[in-house]
Amino acid sequence: MPDGPLAPPDVYDVAVVGGGPAGLSAATWIARYRRRVVVLDSEEYRNRWVENAHGYLGSDPIPPKELLVRSCEQLAAYETAERRAPVRVLRVSGTLGRFELDLDDGTCLAARRLILATGVRDAFPVIERFFDFYGADIFHCSSCDGYEARGKNVVVFGWGEHVVGFALGLLDWAASVTIVTDGHALEADDADRLRLSRYGIEVIEDDAIALEGERGEMVGVVLKSGACVPCELAFFSIAHHPVNDLALQLGCEKAEAGCVKVDDDAQTTVPGVYAAGDLTPGMQLVSVAVAKGATAGVSCARSLTVERP
């Protein structure tokens, strides 16, 4: 049962934790329902190193920073919306009707509903000058950036059992794919190794220690053995971890791989708590994150609407 149309003056209708595409999308729809919403943004975006985001309808490509600035400007046009940044939520507690959030700037706030859009953190290869190339020549998402690998020689950093499928998938675009395991043994059985061999994917179980070239013009990966693997682009698939600490504080049930379980309305297993974006199961694309945010925002706003005869 909804708990009334108006929040007390010192309580937000909705607090959105996370200011990426999912969080801003959710906040925009909440504001369109004329609910008082605050976005709490750490500004630690997963794609903050990336030069261009792809596949977003009407804006392909678009620099993530430009998309963020544009989205924040549009959100600010709604009189019931507020954004605080950079700020991190340290703790959250409470139940439906009043959730309390402690922030790292020493303040706290309360909200009747909560949307978590805290995303994931990637595990990066430990390679000299890695971040000089990340986002221009090195990527984590083959769906997002595979098209840019068309006709090019590509290296994949990783060693887990999922790397076989990841590398094979890149053959939709790349001229060649080489797996470099950073010194680990590839976690693949004989059948998987045979598949890699059949499609010409070499596996090098050696450490990558440096990258050659300049940002936007990578030319190779230097191995500990002294050899250099020629390539124009690289991808990595090591691990990514959902930022689910706040969800766990509230008792939200987890889905696969540590994601937060949600229903069709983006509500978690805790009443009044919603989740959106890469924190939830499914594809991790900007377009999908925006859609998930819209679902969470509309569902959350509607839950605050008094039933009418």
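**Reading the model**

Mentor: Start with Ala257, which lies in the loop between α7 and β17. Helices (H or I, at least four residues) and strands (E, at least two) are DSSP runs, numbered from the N terminus. The model is predicted: local features need pLDDT of at least 70 and side-chain atom pairs pLDDT 80 or more, while totals for chains, interfaces and linings use all residues. Residues are numbered from 1 along each chain as its sequence is written, and side-chain values use heavy atoms, without hydrogens or water.

Trainee: What is the phi of Ala257?

Mentor: Phi of Ala257 is near 60°, a positive value in a residue other than glycine. Glu43, in the loop between β2 and α2, also has a positive phi, about 65°, although Glu43 is not a glycine.

Trainee: Is Ala257 buried or exposed?

Mentor: The terms are set by relative accessible area: buried is under 20%, exposed over 50%, and partly exposed in between (1.4 Å probe, protein chains only). Ala257 counts as exposed because its relative accessible area is 66%. Glu43 has 35% and therefore counts as partly exposed. Ala26, in helix α1, has 0% and is therefore buried.

Trainee: Which peptide bonds are cis?

Mentor: One of them runs from Asp60 to Pro61, with omega near 0°. Pro61 is found in the loop between β2 and α2. Another joins Ala85 and Pro86, with omega about -10°, and Pro86 lies in the loop between β3 and β4.

Trainee: How do I read the strands, and how many bridges join β1 to β2?

Mentor: Two strands pair if DSSP finds at least two bridges between them. Strand β1 (residues 12-17) and β2 run parallel and are joined by four bridges; Ala15 stands opposite Val38 in β2. Together β1, α1 and β2 make a right-handed β-α-β unit. Right-handed means that, with the strands pointing away from the viewer, the path from the first strand over the helix to the second runs clockwise.

Trainee: What pairs with β2 over four bridges in β3, and which residue there is opposite Val39?

Mentor: Strand β3 (residues 81-84) pairs with β2 in the parallel sense over four bridges, and Arg83 in β3 stands opposite Val39. The chain goes from β2 through α2 to β3 in a β-α-β crossover that is right-handed. Within β2, Val37 and Val39 point one way, Val38 and Leu40 the other way, and all are buried.

Trainee: What is the strand order in the open sheet of five strands?

Mentor: The order is β8-β15-β9-β10-β11, with parallel pairing. β8 (138-139) and β11 (202-204) are at the edges with a single partner strand each, so one side of each has no neighbour in the sheet. Two bridges pair β8 with strand β15 (residues 233-236) in the parallel sense, and Ile138 has Ala234 in β15 as its bridge partner.

Trainee: How many salt bridges does the structure hold?

Mentor: Side chains of opposite charge can pair when their charged atoms come close. A salt bridge here is a side-chain nitrogen of Lys or Arg within 4 Å of a carboxyl oxygen of Asp or Glu. The structure holds 16. One of them joins Arg46 to Asp278, with the closest N and O atoms 3.2 Å apart. This pair links distant parts of the chain, 232 residues apart: Arg46 is in the loop between β2 (37-40) and α2 (64-76), Asp278 in the loop between β17 (273-275) and α8. Both Arg46 and Asp278 are buried.

Trainee: Which residue forms a salt bridge with Arg215?

Mentor: Glu51 does, with the closest N and O atoms 2.9 Å apart. Arg215 lies in the loop between β12 (208-214) and β13 (217-223), and Glu51 lies 164 residues apart from it in the loop between β2 and α2. Arg215 is partly exposed, at 34%, and Glu51 is partly exposed, at 40%. Asp41, Glu43 and Arg83 are linked in a network of salt bridges.

Trainee: What space lies in the largest pocket?

Mentor: Rolling a probe the size of a water molecule over the atoms shows where empty space is left. On a 1 Å grid over the protein atoms alone, a pocket is an open set of points where a 1.4 Å probe fits, with protein on both sides within 12 Å along at least five of seven lines; lining residues have an atom within 4 Å of a point. Points are joined across faces, edges and corners, and the volume is the space filled by probe spheres set on them. The largest pocket holds about 920 Å³. It is lined by 46 residues, and Glu44, Tyr45, Arg46, Gly119 and Val120 are the closest to its centre.

Trainee: How do the lining residues divide?

Mentor: The lining has 22 nonpolar, 13 polar and 11 charged residues. Ala, Val, Leu, Ile, Met, Phe, Trp, Tyr, Cys and Pro count as nonpolar, Asp, Glu, Lys and Arg as charged, and the others, Gly among them, as polar. Elements that each supply at least two lining residues include α1 (21-32), β4 (89-95), α7 (245-250) and α8 (286-303).
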